[in-house]
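Here is a short tour to follow with your viewer open. Keep the selection panel handy, and colour as you go.

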Amino acid sequence: ATPTAVMVATGVGATNGVLIKGGDALEKAHKVKYVIFDKTGTLTQGKATVTTAKVFSEMDRGEFLTLVASAEASSEHPLAKAIVDYARHFHFFDESIEDGEKNNKATQNSGWLLDTSDFSALPGKGIQCLVNGKTILVGNRKLMSENAITIPDHVEKFVADLEESAKTGVIVAYNGELVGVMGIADPLKREAAVVVEGLLRMGVLPIMVTGDNWRTARAVAKEVGIKDVRAEVMPAGKAEVIRSLQKDGSTVAMVGDGINDSPALAAADVGMAIGAGTDVAIEAADYVLMRNNLEDVITAIDLSRKTLTRIR
Ligand code: ADP
Ligand code: MG
C-alpha cells in the first residue's frame, strides 16, 4: 500500500478504536485465513460469576469461602476476582442487606481475608499459597494431579456436570485434602456468535484456543458456533498452535487479551489485542481493538482488504 493509503486506513481505524501499528500490519490482515480466539476475556466477557460453591468436607461454608478468597486475593485472573466477590457477598451482603454503612465498608476493606504467604500463580492451572501454615491449591484437575490430590468419583461427576453446562469447575484442596468445588460462569460477549458467522462468510476460519478443560471448551464453542477447538493448552502451547497452522504458508491472526496470550500474539502474523488488555498483550500485538468489541476483528480485516484493493 502507498503511504497515503496507509495513512487513510490508519485514520479510519482510529475513529473506530482500531489502532494499527504500521503499514506491515495493515498489509498482512487482508490475507488472513485463520482467526484464533482465546476464550476467557476474548470470546467471553471476562466477567466471571460464581454460580455454585459446594463444600466436600467437614468445613463450614463461610470458612471455606474465606479460605478460597484469601488465597485468590493475590491473583489477577478473572476467575479469582469472581471468587473473592462471591465470598465477600456471602459474608457482608446476605445477612446485612439493609446495613448500608457496613456494606460500604466491606467492599473497600479486606480485613475479613486471612493472611497468606508464598503465593504463586501457575498459568493454565491455578494458584497455590500458604494459609495458616498449610498449603491451599485452587485450580483445575492438572493442578490437583500434579500435587497428588485424588478427586473422588462423586466430586469428579459434580465437576463434569458443571462443565457440560459451559461452566468452569474450580477445585480446592487444603492441607492435602479436596475440600470443595466452585462453578463459575462467564457469558459470551453479545456479538461473539455474529462475528464468527461473519468471518465464515468472508472465508476466514475461526478457531478457539483455551487453557480451560475440554468439556467447558466444547460447550462454549458450540454456543458461539466455532467447530475447531483446542483446549487444555498451556500459554506456550497457544503459540505452537499458531506456528503449526502457519506451516503451509497460511496467514494466521490471533485475538487475545491476557498476559498469557502475548507469546501467541507475537507468533501470529496478525496479533490483535482486545480491550483494555494488559500492557504486555498490547505490546506484542499489531492491532489494538480498544472498544473490546469482537466486531472490530472484522473491521480490521475489511479495512486491510479495502486498502489493498484500492491501490491495485
Ligand atoms: P484461557 O486460555 O481460557 O484464557 P487460562 O489459561 O487463563 O484460560 O486458565 C486456564 C485454566 O487454569 C482455567 O480454566 C482454570 O481452570 C485454571 N486457572 C487459572 N488461573 C486460575 C485461578 N487464579 N484460580 C483458579 N483457577 C485458575
Ligand atoms: Mg484470556
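How much area do domain 1 and domain 2 bury between them? About 940 Å², with 56% of it on carbon and sulfur atoms; buried area is the accessible area (1.4 Å probe) that two parts lose on being put together, summed over both.

Before going further, a word on the ground rules. This is a predicted model, where local features need pLDDT of at least 70 and side-chain atom pairs count only at pLDDT 80 or more, while totals for chains, interfaces and linings use all residues. Residues are numbered from 1 along each chain as its sequence is written, chains are lettered from A and ligands numbered from 1 in the order in which they are written, and side-chain values use heavy atoms, with hydrogens and water left out.

**Stop 1: the two domains.** Select 3-45 + 188-310 for domain 1 and 49-185 for domain 2; these bounds come from an automatic or database domain assignment. Their centres, taken over C-alpha atoms, are 31 Å apart.

**Stop 2: where they meet.** Now show the contacts (heavy atoms within 4.5 Å): 13 residues of domain 1 touch 14 residues of domain 2. Pick out R215, T216 and M234, which supply 49% of the area that domain 1 buries against domain 2, more than any other three residues.

Next, select E163 and R215, a salt bridge whose closest N and O atoms are 2.7 Å apart. The term means a side-chain nitrogen of Lys or Arg within 4 Å of a carboxyl oxygen of Asp or Glu, and the count between the two domains is 2. On the domain 1 side, α3 (39-43) and α10 (214-224) each supply at least two of the touching residues; helices here are DSSP runs (H or I, at least four residues), and strands are runs of E, at least two, both numbered from the N terminus. With 5 residues, α10 gives the most to that side.

**Stop 3: the magnesium ion.** Centre on ligand 2, where D38 (OD), T40 (O) and D257 (OD) coordinate the magnesium ion at 2.3 to 2.6 Å. Donors are N, O and S atoms within 2.8 Å of the metal (3.2 Å for Na, K and Ca), and water is not among the atoms, so sites may look incomplete. T40 lies in helix α3 and D257 in the loop between β11 (251-256) and α12 (262-267), so this pair ties together parts 217 residues apart in sequence.

**Stop 4: a bridge within a helix.** Finally, select K28 and D24, a salt bridge at 3.6 Å between the closest N and O atoms. Because they are 4 residues apart in helix α2 (residues 23-28), about one helical turn separates K28 and D24. The whole structure holds 14 salt bridges.
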